[in-house]
Amino acid sequence: MLYLDNAATTPVRREVLEAMWPYLTSTFGNPSSHHTVGEAAAAGLQDARRRIADVLGTRAGDIVFTSGGTEADNLAVKGLSLAAIHRGRHLVISPIEHEAVAESADYLRRLHGFEVTTVSVDGTGRIDPADFAAALRPDTVLASVMAANNEIGTVQDLTALGGIARSAGVPLHTDAVQAAAWLPLGLDRLGVDALSLSGHKLGGPKGIGVLAVRGALPLEPLVHGGGQERGKRSGTENVAAAVGLATALELAEAERPDASVRVGALRDRFISRVLREVPGARLTGHPEHRLPGIASFVFPGTSGEAVLLELEQRGVVSSSGSACAAGSDDPSPVLLAIGIEPVVAQTAVRLSFTASVSQQELDDAASAVVAAVDSVAGIR
Ligand code: PLP
C-alpha cells in the first residue's frame, strides 16, 4: 500500500516514539506532583516546551500545550478575542480556514455578538494584502489566516499580512498545522502573534498540539480547572505527547531545507504528469506558492469518491481533501471559495506526502491516478 494521505495524518516516527517511551513508563509522574517522580516529568515537559519555543523563535512561557490543532485554533480565536472584548467585537478570517477557526469565529458571532469579516481569496487561494488591509477596523480584535491550506496546499504571504496587521495594531493568529512539516515557523519571521501546531501532521502523536502566543497578549482560557499551563489550559499535561511533538518538530526543522526542495521537485514532476496524461485534469491551489507535500486536483466529469476507490484498489490511499469533510456530500467550502463550480468540487482528489517519499512512489502514484480516472470516466 502506498499511503498518500499524510495531510490527514502521519505515522509516528521511530525517534519520536523512542523519545516518548520513558515518559510513558519510568518517568510517568504527574508534572504537578511535588515529589521526585512528578518533578522528573515536569522537567521533561519544560524541556519539550523550550525546544518548541526555540523552533518558533519565542519564549518557553509563550507555549501552551493543547489536545491538538483543533483546540489550539479554538483557544487562539476564542481566547484572544474574548480577552480583548473591551476593545471591540470584530474578527477577520479567510474563507479557506479549517473548521476549527471558522466555527470558532461563528461561535463568537452567534453567542458574543462579534462581527466576522471574511476576506476573499483569489482563484489560487491567496489573499490580496490590499483586501486584508481594507478589512481591518479600529474595533478588530483579531485576524486569523492559515499559513498553508490543508486541501489545496496554498501558502499565504503571511509576512505581508503580518506587516499590515502590525501597523493596524491587530494581533494575527495563524493555523500552521499543515505548514509545520514544510515551512520555517518563526513567529517573527512569519509576522504573527500566535500560531497553532498539531503533533500528528508531522510524525508526532495524535492528541497533542501547541498554541504559541506572545506573552504580552491577554488570553482567556477555555478549559478551567487546576490551573496548569500557567492557567491558560487546565488539565494534567500529556507529557509523553509533548515530548513527542517537540522531537517531531525538531526533526522537521532540521530536515526542512533539503526536504522542501527535494519533495517540491517530485511534487512538480507528479503534477505535470497528471495534468499531461489525465484529460481535463485541473490543479487546485497555487502552482508555486504551495506546500511541497500536497498535490490536489479536480477531475471534471468524474466523481472524486469513485476515483479514490479506484486508487485504493490500485494500492494508493489518498483523500478528497479534508478528513473532516470526507464522507460528506457537501462540496468543499475551500474549493467553492477559489471559484470551483460545486459539481466540479465533488471531483477533488488530494495526494499528500511526507519528506521520505520517493520518485518511484510518485511515478507509481501518477500511473495509478491516470488509470483510476480513466476507469471512472469510462474512457477505456
Ligand atoms: N488545522 C488544519 C489546517 C488541519 O489540517 C487540521 C487537521 O486536519 C487541524 C487544524 C486540526 O488539527 P487536529 O487534528 O490536531 O485537531
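Modeller: Two strands pair if DSSP finds at least two bridges between them. Helices (H or I, at least four residues) and strands (E, at least two) are DSSP runs, numbered from the N terminus. This is a predicted model, where local features need pLDDT of at least 70, side-chain atom pairs count only at pLDDT 80 or more, and totals for chains, interfaces and linings use all residues. Residues are numbered from 1 along each chain as its sequence is written, and side-chain values use heavy atoms, with hydrogens and water left out.

Biologist: OK. What is the strand order in the open sheet of 7 strands?

Modeller: The order is E2-E8-E7-E6-E5-E3-E4, and the pairing is mixed. Strand E2 (63–66) and strand E4 (115–118) are the edge strands, each pairing on one side only. From one strand to the next the twist averages 20 degrees. Axes here are lines fitted to C-alpha atoms, for helices over the stretch in contact, and angles run from 0 to 180 degrees between N-to-C directions.

Biologist: How many bridges join E7 to E8?

Modeller: There are 5, between strand E7 (residues 194–198) and strand E8 (residues 209–213), and the two run antiparallel. Leu197 has Val210 in E8 as its bridge partner. Helix H2 (residues 36–56) packs on this sheet and touches E2, E7 and E8 (contact means heavy atoms within 4.5 Å). The direction of H2 makes about 115 degrees with that of E2.

Biologist: And the sheet of 3 strands, which ones stand at the edges?

Modeller: That open sheet has the order E9-E10-E12, with antiparallel pairing. Strand E9 (282–283) and E12 are at the edges with a single partner strand each, so one side of each has no neighbour in the sheet. E9 pairs with strand E10 (residues 294–298) over 2 bridges, and Arg282 stands opposite Val298 in E10. Helix H8 lies across E9, E10 and E12, at about 15 degrees to E10.

Biologist: Switching topic: which domains does the assignment give?

Modeller: It gives domain 1 (2–6 + 255–377) and domain 2 (14–251); such bounds come from an automatic or database domain assignment. Their centres, taken over C-alpha atoms, are separated by 27 Å. In the contact between them, 30 residues of domain 1 meet 28 residues of domain 2.

Biologist: How much space lies in the largest pocket?

Modeller: About 510 Å³. The search uses a 1 Å grid over the protein atoms alone: a cavity is a set of points where a 1.4 Å probe fits but cannot get out, while a pocket is an open set with protein on both sides within 12 Å along at least five of seven lines, and lining residues have an atom within 4 Å of a point. Grid points are joined across faces, edges and corners, and a volume is the space filled by probe spheres set on the points.

Biologist: What lines the largest pocket?

Modeller: It has 30 lining residues, and Thr10, Phe353, Thr354, Ala355 and Ser356 lie nearest its centre. Strand E1 (2–3) and helix H8 (239–277) are the elements giving two or more residues, and H8 gives the most, with 4. Domain 1 and domain 2 each supply at least three residues to this lining. By class there are 17 nonpolar, 8 polar and 5 charged residues. Ala, Val, Leu, Ile, Met, Phe, Trp, Tyr, Cys and Pro count as nonpolar, Asp, Glu, Lys and Arg as charged, and the others, Gly among them, as polar.

Biologist: How many cavities of 30 Å³ or more?

Modeller: The count is 1, with a volume of about 40 Å³ for the largest cavity. Its lining includes Glu151, Thr284, Ser320 and Arg350. Strand E12 (residues 348–352) gives the most to that lining, with 3 residues.
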